[in-house]
Amino acid sequence: ITVQGQGEVTAKPDVARITLGVTTGTQPTAKAALDLLSRRFTDVVNAVKARGVKEEDAKTTNLSIHPQYDFRDGRQTIRGFEASESIQVTIRDLGKIGDVLAKTTQEGVNQAGGVTFEIDDPHALQREAQEKAIERARENAEQLAKALGVRLGRVKTFHATGGRPYLPILTAGLSGATALARAPDAPAPP
């Protein structure tokens, strides 16, 4: 008997992730751009921490410096350097998203976005959904075995699919059409 079971679990997001960035604008030298960026970003990180975000929940995602050019009379001349840095912040208290945005923009953030709402540990929900799918598959197999007048034995194969939806497949005894054709004279598997 081959059966499938589907398990579904829903949950509300418990974290928000947001990207915060600082761009310096053109500065006379690369050092001046990086120094300004460092001062501004230190203030931003301190503001994030002051809002209850742990250090491990703020990760740098970009740090760059680029020359800025002027084009006059067909010639390119360097006018200065611009530095930028971005961090991704995980906010565990969803009620603080606005406060984090407001305070960090006061401290120098001039790029904010990419807010996503997520489940921090989706694996626990995946395990719960798989357990539900297995139980449903077991119930389906028991119902079919009873209708066919056979006993269920051990599970011979098991397959769990990832993603959405999770559809674990349990196979016990004979499969598909073979089980229907041979059920009356087939011995019950151990």
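Guide: What follows is a set of questions about labels, each answered by setting a value against its cut-off. The model is a predicted one.

Visitor: Why is the contact between Glu 118 and Arg 17 called a salt bridge?
Guide: The N to O separation between these two side chains is 2.8 Å. The rule asks for a side-chain nitrogen of Lys or Arg within 4 Å of a carboxyl oxygen of Asp or Glu, so the pair qualifies. By this rule the count comes to eleven salt bridges.

Visitor: Which parts does the pair of Glu 118 and Arg 17 tie together?
Guide: Glu 118 belongs to strand β5 (residues 111–118) and Arg 17 to strand β2 (residues 15–23), so the pair ties together parts that are 101 residues apart in sequence. Both residues also belong to a network of salt bridges that links Arg 17, Asp 57, Arg 92, Glu 118 and Asp 120.

Visitor: What makes Arg 17 buried and Glu 118 partly exposed?
Guide: Buried means under 20% relative accessible area, and exposed means over 50%. Arg 17 has 16%, so it is buried. Glu 118 has 29%, which lies between the cut-offs, so it is partly exposed.

Visitor: How do you know that Lys 49 and Glu 55 form a salt bridge?
Guide: Their N to O separation is 3.6 Å, and the limit is 4 Å, so the pair is counted. Glu 55, at 58%, is over the 50% cut-off and therefore exposed. Lys 49, at 39%, falls between the cut-offs and is therefore partly exposed.

Visitor: What makes Glu 107 and Lys 103 a salt bridge?
Guide: Their closest N and O atoms are 3.4 Å apart, and that value is within 4 Å, so the label applies. Glu 107 is partly exposed at 26%, and Lys 103 is partly exposed at 24%.

Visitor: How do you know that the buried residues of helix α2 are on the same side?
Guide: In α2 (residues 97–106), Ile 97, Val 100 and Thr 104 are buried. They cover an arc of only 65° around the axis, which puts them on the same side of α2. An α-helix has 3.6 residues a turn, so residues three or four places apart point the same way.

Visitor: What covers the buried residues of α2?
Guide: The cover includes β2, α1 (30–50), β4 (75–91) and β5. Just after α2 comes Gly 108, with a positive phi of about 125°.

Visitor: Why are strands β3 and β4 called paired?
Guide: Pairing takes at least two bridges, and 14 join β3 (residues 58–72) to β4, so they are paired. The two strands run antiparallel. Leu 63 has Glu 85 in β4 as its bridge partner. The two strands form a hairpin with two residues between them, and Asp 73 in the turn has a positive phi of about 50°.

Visitor: Why is Lys 54 called exposed?
Guide: Lys 54 has 51%, and the cut-off is over 50%, so it is exposed. Lys 54 is in the loop between α1 and β3. Its C-alpha is 9.2 Å from that of Val 89, although they are 35 residues apart in sequence.

Methods: Residues numbered from 1 in each chain as written. Predicted model: local features only at pLDDT ≥ 70, side-chain atom pairs only at ≥ 80, totals over all residues. Heavy atoms only, no water. Helix = DSSP H or I, 4+ residues; strand = E, 2+ residues; numbered from the N terminus. Buried < 20%, exposed > 50% of the residue type's maximum accessible area, 1.4 Å probe, protein only. Arc of directions from axis to C-beta. Contact = heavy atoms within 4.5 Å.
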